[in-house]
Amino acid sequence: SHRGPILESITGLVVTEFRGATADREAPGNKRQLLAEVQLEVDLNVTARTIGFIRPWLLIDAYDTEVVRYEPLDAYVEYQRETWDLRAGQFVENWGMADAASPINVLNREDTAVDFFDPPSLGELGIKLRGSKSLGETINEFTVSLYAMPLWRETPLPTESSRYRISPDI
């Protein structure tokens, strides 16, 4: 018998990264970033069919004081059955990956103030119902997902002092 949450794993990362660009004396804005980032991942088994996942994120830019992030990228509970599952909480849902801006990854906001060319995806608060069915050898698994996202949040854009600023006077 299953008695309460069981901690499955804890992992994490600590990263510092310096980014710089050639100074243009005519252009305003900061040409440097010194990023300090911490992520933690916690996997829990809540019941035999229910899991929990928490992934808090802390990021600070020493040069641009407006780039300070502390939020859970993921913090959800998921109930799993053989052909369907239900997830509730905050989560990052990647629909695809690309070398540049992905036109199909439209569910999550991206933090372009941190990195305009490869922005990190931010978690969204919502509910996801996913069903799947095996259709034989040709189509191994057919999946349909429904989302309810009750909260709209703004996408963080680069500030006027950022090296990634979007400004008419560049």
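The report below describes aromatic pairs, an aromatic cluster and a charge over rings.

This is a predicted model, in which local features need pLDDT of at least 70 and side-chain atom pairs count only at pLDDT 80 or more, while totals for chains, interfaces and linings use all residues. Residues are numbered from 1 along each chain as its sequence is written, and side-chain values use heavy atoms, with hydrogens and water left out.

Rings of Phe, Tyr and Trp (its six-membered ring) pair if their centres lie within 6.5 Å, and planes under 30 degrees apart count as stacked, over 60 as edge-to-face and the rest as tilted. By this rule there are five aromatic pairs. Among them, Y79 and W84 form a tilted pair, because their planes stand at 50° with the ring centres 5.7 Å apart. F116 and F117 also form an aromatic pair, which is edge-to-face, with 5.8 Å from centre to centre and 85° between the planes.

The table gives the accessibility of these residues, where buried means under 20% relative accessible area, exposed over 50% and partly exposed in between (1.4 Å probe, protein chains only).

| Residue | Relative accessible area | Class |
|---|---|---|
| Y79 | 32% | partly exposed |
| W84 | 35% | partly exposed |
| F116 | 36% | partly exposed |
| F117 | 64% | exposed |

Elsewhere, F53, Y76 and F91 form one aromatic cluster. A charge sits over a ring if NZ of Lys or CZ of Arg is within 6 Å of the ring centre and within 35 degrees of the ring normal. R87 lies over the face of Y76, at 4.1 Å from the ring centre, and R87 also lies over the face of F91, at 5.6 Å from the ring centre.
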